[in-house]
Amino acid sequence: AWIITGGMNTGIMKLVGEIVQINPDRSRPIPLIGIGTWGCVSGFKDLEVEGANVNYAKARSDRKGEAPLEPNHTNFIFVDNGLERTYGGEIAFRAKLEQAISGGFFSSKVLSNTYSSGPSLSGTSSLRPDNSDPVPVVLLVIEGGPNTVRTVKEAVVGNSIPAVFLEGTGRCCDLFAKACQ
């Protein structure tokens with residue numbers, strides 16, 4: 001299984017990184033992939049070098065709209081929308097990536113009269129070989145704010161990906177859980 005987070009060293013993303021790091025079976029590492037907005041990474045300008053490795057010191061930041069990277073993530077994908085300290089630039093990319101990974105695993109299980117006012121992602125190609133089985137993708141929602149609402153919309157409405165809401169974790173997660181009851 002892959003775990004995809006926003007990759008920052010805050011909140012649930014930090015907790016997931018810490019939990020994955022204590023994986024008892026080191027022979028089977030868990031891929032932990034951070035997908036984040038480039039302009040929200042603390043010290044991102046120091047990382048803008050070509051042709052060289054850069055040591056990223058776990059920068060601390062009290063600035064709103066930026067955070068350091070969580071060090072236990074195995075990979076990072078950054079979306080550069082040209083903005084600094086504005087979260088959410090990665091949401092559309094992440095939705096397309098999840099659709100490509102899943103190959104529409106849950107799409108056939110959705111009623112054909114489902115309406116979506118958002119852009120269609122049906123043209124997104126799958127990352128799977130033609131003869132392989134579809135890969136299930138599930139969105140796990142813990143706490144969250146306005147960008148989590150956008151992420152849920154892209155996943156559930158746009159890509160027919162099911163979501164699990166952990167009620168009691170606060171903020172938008174509790175609102176979604178109550179709406180589902």
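Mentor: Accessible areas come from the Shrake-Rupley method with a 1.4 Å probe, and for residues only the protein chains shown count as cover. By that method the protein chain exposes about 11,300 Å², with carbon and sulfur atoms supplying 55% of it. This is a predicted model, in which local features need pLDDT of at least 70 and side-chain atom pairs pLDDT 80 or more, while totals for chains, interfaces and linings use all residues. Residues are numbered from 1 along each chain as its sequence is written, and side-chain values use heavy atoms, leaving out hydrogens and water.

Trainee: Which elements does the protein chain have, and in what order?

Mentor: Four helices and five strands, running β-α-β-β-α-β-α-β-α from the N terminus. Helices are DSSP runs of H or I with at least four residues, strands runs of E with at least two, numbered from the N terminus.

Trainee: What makes Phe 76 and Phe 78 partly exposed?

Mentor: Buried means under 20% relative accessible area, exposed over 50%, partly exposed in between (1.4 Å probe, protein chains only). Phe 76 has 29% and Phe 78 has 31%, so both are partly exposed.

Trainee: Which residues of helix H4 are buried, and what covers them?

Mentor: In H4 (residues 171–180), Cys 172, Cys 173, Asp 174 and Ala 177 are buried. Their cover includes E4, H3 and strand E5 (163–165). Over the 181 residues of the protein chain, 35% count as buried.

Trainee: What makes a space a pocket, and what lines the largest pocket?

Mentor: On a 1 Å grid over the protein atoms alone, a pocket is an open set of points where a 1.4 Å probe fits, with protein on both sides within 12 Å along at least five of seven lines; lining residues have an atom within 4 Å of a point. The largest pocket holds about 1,400 Å³ of space. Of its 40 lining residues, Thr 5, Gly 6, Ile 12, Met 13 and Arg 94 are the closest to the centre. Elements giving two or more residues include strand E1 (3–5), helix H1 (11–21) and helix H2 (91–102).

How values were computed: Grid points are joined across faces, edges and corners, and a volume is the space filled by probe spheres set on the points. Contact means heavy atoms within 4.5 Å.
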